[in-house]
Amino acid sequence: KISAELEIASRYEADKFAEKLVSSGACPLSVLTEGQHVHTLAVRDEESYEQIKKSLENLGILIEAD
């Protein structure tokens, strides 16, 4: 298990993180895990959680545990 807290709390911070990945030439962790990995989210409320879940489902990248 490899884990790291990224402390990304906004779209702006996510965009900055993605830019840093590209500019540094680093490979995302998903390269090592053949695309499957886990994210832990902390959300303000159930509505936020459902919105995130729906977005991931629409992108076809949400895999739910049994």
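Predicted model: local features only at pLDDT ≥ 70, side-chain atom pairs only at ≥ 80, totals over all residues.

Guide: Residues are numbered from 1 along each chain as its sequence is written, and side-chain values use heavy atoms, with hydrogens and water left out.

Visitor: Which pattern does the protein chain follow along the sequence?
Guide: Helices (H or I, at least four residues) and strands (E, at least two) are taken as DSSP runs, numbered from the N terminus. The secondary structure comes to three helices and zero strands. Read along the sequence, the pattern is therefore α-α-α.

Visitor: How far apart are the end C-alpha atoms of helix H1?
Guide: The expected span of a helix is 1.5 Å times one less than its number of residues. For the 14 residues of H1, residues 11-24, this should give 20 Å, and the computed distance agrees, the end C-alpha atoms being 20 Å apart.

Visitor: Which residue forms a salt bridge with Glu19?
Guide: A salt bridge is a side-chain nitrogen of Lys or Arg within 4 Å of a carboxyl oxygen of Asp or Glu, and a search of the whole structure finds one. An α-helix has 3.6 residues a turn, so residues three or four places apart point the same way. With the closest N and O atoms 3.6 Å apart, the partner of Glu19 is Lys16.

Visitor: Which residues form the nonpolar patch on the surface?
Guide: Patches are made of residues with over 30% relative accessible area (Shrake-Rupley method, 1.4 Å probe, only the protein chains shown counting as cover) and no salt bridge, like charges being joined within 9 Å and nonpolar side chains (Val, Leu, Ile, Met, Phe, Trp, Tyr) within 5 Å. One member lies in the loop between H2 and H3, namely Leu41. With about 320 Å² of accessible area together, the patch is formed by Leu41, Val43, Tyr49 and Ile52.
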